[in-house]
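Subject: Structure handover

Hi,

Here is the structure I promised to pass on. Have a look at it first, and then read my notes below.

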Amino acid sequence: MKLYSGPLSLFSRKVEIALHEKGLPFERVQVPFSQTRGYHPKDPAVLAANPKGQVPVLIDGDLTLYDSTVILEYLEDAYPVPALYPQNPKERARCRLLDLFADEVMLSAFRALMHRTEPHAADDPRFLANEAKAKEAEPLIAGHFAKLNEEFSGKSFLCGAFSAADIAAFMAVFWVRRLGGPSLKATPALAAWYVRLSERPAFAQVIEEILQADRELSAPVEGAFRD
Ligand SMILES: N[C@@H](CCC(=O)N[C@@H](CS)C(=O)NCC(=O)O)C(=O)O
């Protein structure tokens, strides 16, 4: 399999974790990314494969796929062991909903923090205007943490056993922490789950690669990974 990925692409990294968790070998092609130009110029292979021009793109033989969730669902169908989704239809649907919650609902709030890794002067008026919007988003993000925290009553993982929902939610929580968002202090079950997942080899490898990419590509973020 070949995966077009980005060094600081949350959704590509989500797919990488799933591939590692399933023990599937893959060739990774890192598309160019910078904090000032984003993904421009775009990789021609990605443009050809995905009408949205986005990574991740997965190629498995004669099949080309884009969108991290579509890719995870394909991996589950084609390579079912170890499972990343519950077998029970209602549990499976609930797991998909949590994946969507992380990928879409949480992202739409913490997008407001993303300017923090771009190069800036502390008194840059554009940066300060973006910071005002980030501060407005932070209570919403803390609310998302509280919602996830409630999911853990009597469970170690979001859907009972480890699943795709854990991967998606972890990436969202990790991205918020990386961007100096709300701490996990008020959400102890979420904090304990976050530590547990960070220690899994698939997660530890991807986290280390993202931190290395940040050292090379990103501005330092005040309050990143605070307790
Ligand atoms: N819903 C898509 C989102 C993919 C996405 O937003 N990819 C970003 C990188 S994380 C990208 O390629 N952005 C470049 C662009 O939108 O032009 C997924 O889950 O894969």
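Let's start with Glu-16, which counts as buried because its relative accessibility is 0%. Here, buried means under 20% relative accessible area, exposed means over 50%, and partly exposed is in between (1.4 Å probe, protein chains only).

Before you go further, keep in mind that this is a predicted model: local features need pLDDT of at least 70, side-chain atom pairs count only at pLDDT 80 or more, and totals for chains, interfaces and linings use all residues. Residues are numbered from 1 along each chain as its sequence is written, and side-chain values use heavy atoms, with hydrogens and water left out.

Salt bridges

Glu-16 has a salt bridge to Arg-28, with the closest N and O atoms 3.0 Å apart. Glu-16 lies in helix H1 and Arg-28 in strand E2 (residues 27–30), so this pair ties together parts that are twelve residues apart in sequence. Helices (H or I, at least four residues) and strands (E, at least two) are DSSP runs, numbered from the N terminus. The term salt bridge stands for a side-chain nitrogen of Lys or Arg within 4 Å of a carboxyl oxygen of Asp or Glu. Arg-28 is partly exposed, at a relative accessible area of 33%.

Next, Arg-13 forms a salt bridge with Glu-209, and their closest N and O atoms are 2.7 Å apart. Since Arg-13 sits in helix H1 (residues 10–21) and Glu-209 in helix H8, the pair ties together parts that are 196 residues apart in sequence. Arg-13 is buried at 1%, while Glu-209 is partly exposed at 23%. Arg-13, Glu-16, Arg-28 and Glu-209 are linked in a network of salt bridges.

One more to look up: Lys-22 and Glu-76 meet in a salt bridge through their side chains (2.8 Å, N to O). Lys-22 is in the loop between H1 and E2 and Glu-76 is in helix H3 (residues 68–78), so this pair links distant parts of the chain, 54 residues apart. Lys-22 is buried at 6% relative accessible area, and Glu-76 is buried at 4%. The whole structure has 17 salt bridges.

Aromatic rings

How many aromatic pairs does the structure hold? There are eleven. Rings of Phe, Tyr and Trp (its six-membered ring) pair if their centres lie within 6.5 Å; planes under 30 degrees apart count as stacked, over 60 as edge-to-face and the rest as tilted. Phe-33 and Tyr-39 have ring centres 4.8 Å apart and planes at 50 degrees, so they are a tilted pair. Phe-33 is buried at 17%, whereas Tyr-39 is partly exposed at 24%.

Phe-174 and Phe-225 are tilted too, because their planes are at 50 degrees, with the centres 5.4 Å apart. Phe-174 is buried at 1%, but Phe-225 is partly exposed at 29%. Both belong to one aromatic cluster, which also includes Trp-175 and Trp-193.

Leu-148

Finally, find Leu-148 in helix H5 (residues 125–151). Leu-148 is buried, with a relative accessible area of 1%. Not counting residues up to four places away in sequence, Leu-148 touches several residues, including Leu-98, Phe-101 and Val-173; contact means heavy atoms within 4.5 Å.

Cheers
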